[in-house]
Amino acid sequence: MDINTKKIKKNAYRVTKERGKTALRIRVPGGHLEVKYFDIIKEIAEKFGDGSVHITIRQGFEVPGIDFDKIPKINRMIAPIIQGLELDYGVNIEEVEQGYPAAGTRNVSACIGNKVCPFANYNTTDLAIKIEKSIFPNDRHVKIACTGCPNDCIKAHMQDFGIIGQVEPVYDASRCVGCEACVKNCKKRVTGALRMENYKVKRDEDRCLGCGECILKCPTGAWSRNPEKFFRVVIMGRTGKRNPRLAETFLEWVDEATVIKIIQNTYDFIESYIDKEAPGGKEHIGYIVDRAGYYTFKEYALKDVTLGPKAKVAQYIDFGGYKYERNVYFDKNSK
Amino acid sequence: MALQLSYEAFNKVLQELKNEYKIYAPIRLQGTGRFSDTDVVRYGEINRIEEMVIDEKAHFSPKEILFPITQTLFYYTSEEYQEPKEEDKKIIIFLRPCDIHGVMRLDQVFLKNGSLQDVYYERLREKVKFFMIECTEGFDNCFCVSMGTNQTESYSAAIRFGEELIIDFKDEELSPAFEGFGKTVDFSPEFIQKNKVEVRLPDTENIDNSLFEQDMWKEYSQRCIACGRCNFVCMTCSCWTMQDIAYEDNPNNGERRRVWAGCHVDGFTDMAGGHGFRKNYGDRMRYKTMHKIYDFKKRNGYHMCVGCGRCDDACPEYISFSNCINKVTQIVGEEQ
Amino acid sequence: MKNPYIPKKYEIIDIQHQTKIDYTYRLAYDITPQNGQFVEVSIPKIGEAPISISDFGPGYIDMTIRRVGKVTDYLHNLRVGDSMFLRGPYGNGFSLDQYKGKHLIITAGGTGLAPVKSIINHFHRNPQEIEKLDLLIGFKSSKDILFAEEIEAWKKNEKFNVILTIDREEEGWSGNVGLVTQYVPALHIPDTDNLEIIIVGPPMMMKFTGLEYLKRNIREDQIWVSFERKMSCGIGKCGHCKIDEIYVCLEGPVFNYAKAKQLMD
């Protein structure tokens, strides 16, 4: 059996522990799809796999137990999925019948978002699709997720880019009856950004996360939404074998265009700073930022970005996390 | 007299009326709703009739025009009590028959309960003219027909919205603004005769304290979260609380104001010193229910609830007030 | 249009400290209230509070005010010569004629003595108007006793039988101990027909005291109570004091027991 593993990996298949068998991975940008695609996945799993499918943490499907020689046929079978979940979204893929052209940049995942969830501050799937469109296909290893609110159900804090929805609560004091539902709730469940003064509510903008709980709790509509959408971007969270850590806040109160632009800019940063000698030419973005430094990353990421009047940028980030072995950071052999 | 006229013509009438009146109607506040990408529909001033939302029930009732959520009663400069300056303009409100009946309930409390009149309400009330929106279909949760509030003659003008507008106006004061517009037609407004929700009203003669101790209220102790939405969206809830403040930047001056209060909300009965009543949420549901369909009638001869159903629309816990009334009726028997 | 929310300014002409937290204020006042009525005390920038009139005479009213909140905190800092704003008087009050020529039993708990004090003093000054007056007064402790001097004076009235009790034994206290309810069974009631009863105090005290009197074959309609509820207006608009179809500020605060027992909050 003669298999070019580099090629099939790029095609979103993988080398498995069972010799001769591969597994197909299907992207579902934004984690939401029409059920008609299940029929195709079912057919592939039943005809060419072992009849099972794994739901991945990134909201894709992985169909195991496939013979390598079935790849071209399966690629033709998944053409409607690539059409519907990539091309129709505006993703640029030249050959629809040859499978996924890249696997480095992972599926952009999303919580259920404001399609369903009362807490969500935006349509997470829609934004995930816009991001997919602007960065895929790409071989660089970047993980991105969109979550509707700071509850962070999608675990945006475990991503290279976590996009967290923010809402600016707008207060109309004349509609406030002073029931304190918002104040008590913010204190108990959020950051205590609200307090009563003269029977009306004062909001500490520096403490406010933009979660929108005050709007949800308000029985009179004294709190309402600024219809503009805002986002907090947390960056460089990760798991892995060297230094697992939660992502830290990079930007707050930025708009959608900014979110997309800084992610795009990051790919330029990667090209400039990736370790050319990294094993297999692969280096995870977080480690590149570790080496190049946050300040350099920031310069790249914010290039040609016009921040809105409410936007905030982190001046410094202490990523922390923990290290399994500190010596991994020392190169004993060098001068 | 009734007129048929185009929207464009009616907008010219509105422009004319605006010299003398503030004109309120349900309007859509896009994207400002409780949940993201949802709208709020509530009363606001309009310039053109197209701004009015006709195909949806206003989430909040028009009571906030007559009985503002926050209303300043006095300004204090040193120790003097100074009343706020009265608004010059008169008021036109576009509203449905149920809400017109609701205003009668507010009149009962603010003007007829006890020997003294609430002047703040009275001053606004005297300025108001009703432009009745013809309502023949109703909305989810409406039960005006059961409450007998689907029909009214108390309006200055009644309007049918169609290709063009047909307006029956009874108030001669309005005639000059309409002069030269539209053509005279025969028209009298129709009223909804059947809602999706029907309520059987209890025989109030059979209600006594034993009803207050029924198990049916216990369920609400578990379900109600005491947020007060049902009170605040209600057309007829008229309770309020006094607040005095000294201005932050000038503590010598300040004001006394009143704000809406709700019997479901914590603190409604709490007295200085800490004693309060109805700590249990089921008791609050019982108290409100009895007021709307029992004791208000005992005092004033007709039910308080007008069946607009906004409480059901608004309850985040899906508690249905109309269903609660039916439960009461099941226990005590139906009104004859 | 007359604005019923505008208060009038009245001068404080005397202040008596009853306890550490209960002060009695005498105000120069030009209206003669009924016994048991209340006023809204109105303090600019602080707020309003319903306070019962504890006594009155020509040109004055007394109010005994316990320091329990923002308004009363402020009032306790006032001195003779200062003034306060009032509106009222409001409510129905007790009807003196109801009690004249009869055997009257007044049972008061704590600050509940304030709204009935003017009745007691009326019959104290006019003993010929009453057949007999039993006074059953309870306080938490000796430190909480209100109107001590007046109670002493009442004890000397031949028509009066005064029983003063505190809730628990106390060092240096040789008087009665226990709740007022305990003293109801032993009251000498020669003729249950020619009798009226007034009970004023905390809700639980009124409930259980009422039951004690009923045990003695006294009709419900011979018993009178006074309610205290949260109020913002005092004139039937704010809704806080509504119980069933009545408003405590309009039809109360004084209720006949037959009605009061039906009023479930």
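**View 1. The loop that holds C233(C) lies between strand 12 (223–226) and strand 13 (242–243) of chain C.** In this predicted model, C233(C) has 26 other C-beta atoms within 10 Å, and because a residue counts as buried once 20 or more such atoms lie within that distance, C233(C) is buried. The UniProt record, in an unreviewed entry, places the feature "binding site" at C233(C) together with C238(C), C241(C) and C249(C). These four positions are spread over 17 residues of sequence, yet they cluster in space, with a largest C-alpha distance of 10.2 Å.

**View 2. C249(C) sits in the loop between strand 14 (246–247) and strand 15 (254–256) of chain C.** Is C249(C) buried or exposed? C249(C) has 28 C-beta neighbours inside 10 Å and therefore counts as buried. When residues up to four places away in sequence are left out, C249(C) touches Y90(C), G91(C), M231(C), G234(C), I235(C), G236(C) and C241(C). One of these partners, C241(C), is also among the positions that the UniProt record lists under "binding site".

**View 3. Chain C is divided by the domain assignment into domain 1 (8–90) and domain 2 (96–260).** The centres of domain 1 of chain C and domain 2 of chain C, taken over C-alpha atoms, are separated by 21 Å. Where the two domains meet, 17 residues of domain 1 of chain C and 20 residues of domain 2 of chain C take part in the contact. On the side of domain 1 of chain C that touches domain 2 of chain C, two or more residues come from each of strand 3 (38–43), strand 4 (47–57), strand 5 (60–66) and strand 6 (83–90) of chain C. Which element gives the most to this side of domain 1 of chain C? Strand 4 of chain C does, with six residues. By residue type, this side of domain 1 of chain C, facing domain 2 of chain C, is made up of five nonpolar, eight polar and four charged residues.

**View 4. Residues 5–96 of chain C are listed by UniProt, in an unreviewed entry, as "domain: FAD-binding FR-type".**

**View 5. Chain B contains 12 helices and 12 strands.** The radius of gyration of chain B is 21 Å, close to the 20 Å that the globule rule gives for 336 residues, so chain B is as compact as a globular protein of that length. The C-alpha trace of chain B spans about 65 × 60 × 45 Å along its principal axes, and 43% of the 336 residues of chain B count as buried. If one takes the contacts in chain B between residues at least 6 apart in sequence, 74% of them join residues at least 24 apart.

**View 6. Chains B and C share the most contacts of the two pairs of chains in contact.** Chain B brings 36 residues to this contact and chain C brings 30 residues. The side of chain B that touches chain C receives at least two residues from each of strand 4 (70–77), helix 3 (97–112), helix 4 (119–125), helix 7 (209–212), strand 11 (240–247) and helix 10 (281–300) of chain B. Strand 11 of chain B gives the most to this side, with six residues. The residues of chain B that form this side, touching chain C, divide into 17 nonpolar, eight polar and 11 charged.

**View 7. Chain B also meets chain A, with 24 residues of chain B in contact with 23 residues of chain A.** Strand 3 (40–45), helix 9 (229–233), strand 11 and strand 12 (250–260) of chain B each supply at least two residues of the side of chain B that touches chain A. This side of chain B, touching chain A, holds 11 nonpolar, eight polar and five charged residues. Chain A and chain C, by comparison, are joined by no contact, and their closest C-alpha atoms lie 10 Å apart.

**View 8. In chain A, the domain assignment gives domain 1 (5–89), domain 2 (109–166 + 229–329) and domain 3 (170–225).** The centres of domain 2 of chain A and domain 3 of chain A, taken over C-alpha atoms, are 30 Å apart. The contact between them takes six residues from domain 2 of chain A and five residues from domain 3 of chain A. On the side of domain 2 of chain A that touches domain 3 of chain A, there are four nonpolar, two polar and no charged residues.

Definitions and conventions: Residues are numbered from 1 along each chain as its sequence is written. Chains are lettered from A and ligands numbered from 1 in the order in which they are written. This is a predicted model: local features need pLDDT of at least 70, side-chain atom pairs count only at pLDDT 80 or more; totals for chains, interfaces and linings use all residues. Domain bounds come from an automatic or database domain assignment. Two residues are in contact if their C-beta atoms, placed from the backbone, lie within 7 Å. Helices (H or I, at least four residues) and strands (E, at least two) are DSSP runs, numbered from the N terminus. Ala, Val, Leu, Ile, Met, Phe, Trp, Tyr, Cys and Pro count as nonpolar, Asp, Glu, Lys and Arg as charged, and the others, Gly among them, as polar. The radius of gyration is taken over C-alpha atoms; the globule rule is 2.2 Å times the number of residues to the power 0.38. A residue is buried if 20 or more other C-beta atoms lie within 10 Å of its own, exposed if 12 or fewer, and partly exposed in between; C-beta atoms are placed from the backbone. UniProt positions are given in the numbering used here, feature names are shortened, and annotations may be inferred rather than shown by experiment.
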